Amino acid sequence: MQKIFYQPKDYWFGDCMPFFNEDDQTFYLFHQRDTRKPKPLTDPFGWSLVTTKDFVNFKDYGEVLPKGSHDAVDQFIYAGSVTQGKNEKIAFYTGHNRQAKLAKKTSEVLMSATSQDLVHWKKSGQATSLVPQTGYDHNDWRDPVIVYSQEKQCYILVLGARLPSDKKKPTGRLVYFESQDLKNWDFKGDFWTPNEFNMIEMPDLFQIDSDWYLIFSEYSEDKRTKYRVGKDLFGVWHSLSDEFFDGKAYYAARTVGNENVGRFLTGWVATKENNDDLGNWDWGGAFVPHQVIKREDKTLGVTLPQTIINNFAKTASLPTFEFGNSTEKTEHSIIENLPSQFLLEGQIDVLEDTKEFGIKAFVNNETREGYQYKVSRPEHMLKFTHTPNYPWPSYFTTGLQRPISLVKNQKYDFKLIVDDSIIILYINNIALSARMYNKTGKQLSFFVTEGKIAVSNLQYHTQWKDTLR
């Protein structure tokens, strides 16, 4: 049973529309809840709400923006965003009707609702000026986000769209509207046309220092949340050396926060089909926050929020050790009986030219079977898998890789957190989330192949404190 990462009882957490309320210094996490009856995205949903100040304690309000009837434009309420209006909060959201799509009619339109307290909402109806525009696909028109442009002195609404073409054709793009009052909108056309994806979902725009960042999710190439950087809102968006925040298991992430409280990614870690290591990734899962960090080279890294670390009741310091040799793979066990929830943090120093190093969790004492994160010099990659991968394959690993270099004399700070089936490694502010469903042991060990490492500053956190859910 998960205790650390939020998942509503009897539901799976879907796309999140986060809003930080300055008045009460609280994160409002609007999201979709999936019943999986009988499979993901079967039952219609509205927006549900859970609030938190620390990503540890959550207050559940249930569905606050209710879905419409079977024939309503908003039979499903897909993603959108919440923004501060002049005298009220405004939600711009996507109304989706499945029957309209099957009938080849317009199935996605933008709608709006208003609220004074972020809990009680009054639907304003279809935002007529925000309907799919001529020349664009009327079945893919969703996930609006609002940002204020100082340059143009107006509000900018950006959403995902595509051209009316074969669904496999990479015509996915972002389009935008402008408004002075958040009520009357003028369509301005394409905002970003990378010619790379068949659809772009969940756009997010924010500024850190003088740099603008565009976050989005796509499901045609890697099915991941990615980002680009630009000098201004209406300039060129560039890819950097690492365009990801996490792996394939982490999706539909947007950010929330400010320079005072920090900025956090609000995505979900997917479950696997049939709760099986060999299963593909489902839609929806559990909410997982990553704290965003800007590096000197303008790339964005992530780490575990400190509030989560602070909520473990017991912390033990473990001894420093070093091991390995130049000719083979060696393994060093440090914990014999892992609990269902824990956090291990520390530092790994690469002492020699080393081929690989990593961490294994839930290792069987006899067979050495378990799950592992491996940093590989030949592949310049961090990977998660089940080991041994026998009989082949023993784990569906597509998308569970992140770029990283293994360099002699470099230090690697890490945090490894486990919450039942969820496992996440943060290493030098690179994250990789995964699921585990076939634990055959309880050991935790480090390994190194053809080289030597030193492991120090080990802090082992256990006993998750009771929280409000």
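**Two sets of strands in a predicted model**

Ile156 has Glu178 in strand 11 as its bridge partner. The model I am showing is predicted, so take that as read for the rest of the talk.

That pair belongs to strands 10 and 11, residues 154-161 and 173-179, which are joined by seven bridges in the antiparallel sense. Both sit in an open sheet of four strands, ordered 9-10-11-12, with antiparallel pairing.

Now to strand 30, residues 422-427. Why call this strand largely enclosed by the rest of the structure? Because six of its six residues are buried, where buried means under 20% relative accessible area. Ile422, Ile424 and Tyr426 point one way, Ile423, Leu425 and Ile427 point the other way, and all of them are buried.

Next, the neighbours of strand 30. Strand 29, residues 411-419, runs antiparallel to strand 30 and is joined to it by six bridges. Within that pairing, Leu416 stands opposite Leu425. The two strands make a hairpin with two residues between them, and Asp420 in the turn has a positive phi of about 60 degrees.

Strand 31, residues 430-435, is also antiparallel to strand 30, again with six bridges.

Key
Residues are numbered from 1 along each chain as its sequence is written. This is a predicted model: local features need pLDDT of at least 70, side-chain atom pairs count only at pLDDT 80 or more; totals for chains, interfaces and linings use all residues. Side-chain values use heavy atoms; hydrogens and water are left out. Buried means under 20% relative accessible area, exposed over 50%, partly exposed in between (1.4 Å probe, protein chains only). Two strands pair if DSSP finds at least two bridges between them.
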